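Reader: I have a structure open and want to talk it through. Can you show it here and start with the sheet?

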Amino acid sequence: MKVTMEVNNRYITIKTHIEGAPKESDFELKNAALALSIEAGSNDVIVKTLYVSIDPYQINRMKSYSSSRKATVAAAPINHGEAIDGYGVAKVVVSGNPEFQKDELVVGFVGWGEYKLVKGGDRLRKLDPMGFPLSNHAGIFGYGGLTAYTGFLEICKPRKGEKVFVSGASGSVGNLVGQFAKLFGCYVVGSVGNNKKVALLKEKLGFDDAFNYKEEPDLKATLRRYFPDGIDVYFDNVGGDMLEAAVANMNLFGRVAACGAISEYTNASKRASPNMLDAVYKRIKIQGFLVSDHINLYADFVSTIGDHLRNGKIQPLEDISNGVESIPSAFIGLFQGDNIGKKIVCVAED
Ligand code: NAP
């Protein structure tokens, strides 16, 4: 008689659609037996999650409606009770797919759980850690890193000596944008939500300056103070009032990379209304982008970042919590400014 092994799989689901700021009671830790076997003849793969990336965009998937839905499969809705997919590092436990062997490391869309059956092995690829910690592959070598790299180079099109402003500057994307901008020879100022983060940007990451936006009642005046000669490039992670203030302070032919609008994700009544006369007369380019548009640059990105990390020119900034049960609080913390750097949950050690 053939005996099929099974494991107890703990995973996170939402109990209901989330419209405002997420809270612990919106989430549930579920337990279910998972048979470690796959359908004969299928290309399915069962993986064990090691590290999962915790990302703000998931909140838009958890709402009853979000205008982001039509643009990309990555924004597909998450319904209550369903397992939640998310980028991360995992180990193959069982594979019917000739591309993946048992015990190999993979990266891709695993999930907010201990195990996942990945249909057809879709959106997974083999991982060569290249001597770097596995967490780096959910972090700096993952989508956050690629977003910073491609958003800054392809959308902002920076020139040496230009004045760069980045919001959300201690987060996964923002801290790297600032570090890339410094390597590029730009003048960089970051905005963050507390004074510990201000010190970190200036003392550890090499930003020229930084400020705590929560202590600044008039953001337009604040940016005028930090950029008396105006802003050439604004890398926008937050939207809202900060976008309005940045546009008011942009120079002629300034560029705004609209990467994210986290200040608007949990507050439906908040919408930036930048002065469009400024946009027209200063010929400002405001461009939204998705990291998925730039996957063709992934190999170039990995080799550049790998070199920078080896040479100590870039600091990886990670904020790691442990255990599947900590995923909800890790996610909630993104909207409260708890994380410093890339938020990752270590679900299991290799
Ligand atoms: P993150 O910055 O690591 O984490 C979120 C941070 O946002 C928090 O630590 C907090 O820092 C800040 N924040 C939270 N609520 C805020 C508010 N109301 N106003 C201002 N700041 C607030 O997240 P991330 O992964 O790097 O993502 C940054 C942005 O990029 C997000 O908007 C995300 O959706 C977007 N994104 C876009 C793409 C793309 O393809 N376009 C890809 C990845 C990420 P403070 O303490 O500074 O407030």
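**The sheet and its rings**

Author: Here 6 strands form an open sheet with parallel pairing, in the order β10-β9-β8-β11-β12-β13. Strands pair if DSSP finds at least two bridges between them. Strands (E, at least two residues) and helices (H or I, at least four) are DSSP runs, numbered from the N terminus.

Reader: Which are the edge strands?

Author: They are β10 (209-212) and β13 (285-288), and each pairs on one side only. From one strand to the next, the twist averages 15°. Angles run from 0 to 180 degrees between N-to-C directions, with axes fitted to C-alpha atoms, for helices over the stretch in contact.

Author: Before we go on, a note on the model. It is predicted: local features need pLDDT of at least 70, side-chain atom pairs count only at pLDDT 80 or more, and totals for chains, interfaces and linings use all residues. Residues are numbered from 1 along each chain as its sequence is written, and side-chain values use heavy atoms, leaving out hydrogens and water.

Reader: How many bridges join β11 and β12?

Author: Strand β11 (residues 231-236) pairs with β12 (residues 250-258) over 5 bridges, in the parallel sense. V233 has R255 in β12 as its bridge partner.

Reader: Which strands does helix α7 lie across?

Author: Helix α7 (residues 240-248) lies across β8, β9, β10, β11, β12 and β13, at about 165° to β11. Contact means heavy atoms within 4.5 Å. Helix α6 (residues 219-226) lies across β8, β9, β10 and β11, at about 160° to β10.

Reader: New topic. How many aromatic pairs are there?

Author: The count is 18. Rings of Phe, Tyr and Trp (its six-membered ring) pair with centres within 6.5 Å; planes under 30 degrees apart are stacked, over 60 edge-to-face, the rest tilted. F27 and W112 form a tilted pair, 6.5 Å centre to centre with 40° between the planes.

Reader: What does that pair tie together?

Author: F27 lies in strand β2 and W112 in the loop between β5 and β6, so the pair ties together parts 85 residues apart in sequence.

Reader: Is F27 buried or exposed?

Author: F27 is buried, at 6% relative accessible area. Buried means under 20%, exposed over 50%, partly exposed in between (1.4 Å probe, protein chains only). W112 is buried too, at 1%.

Reader: Which rings link into a cluster?

Author: Ring pairs link F165, Y187, F211, Y226, F227 and Y234.
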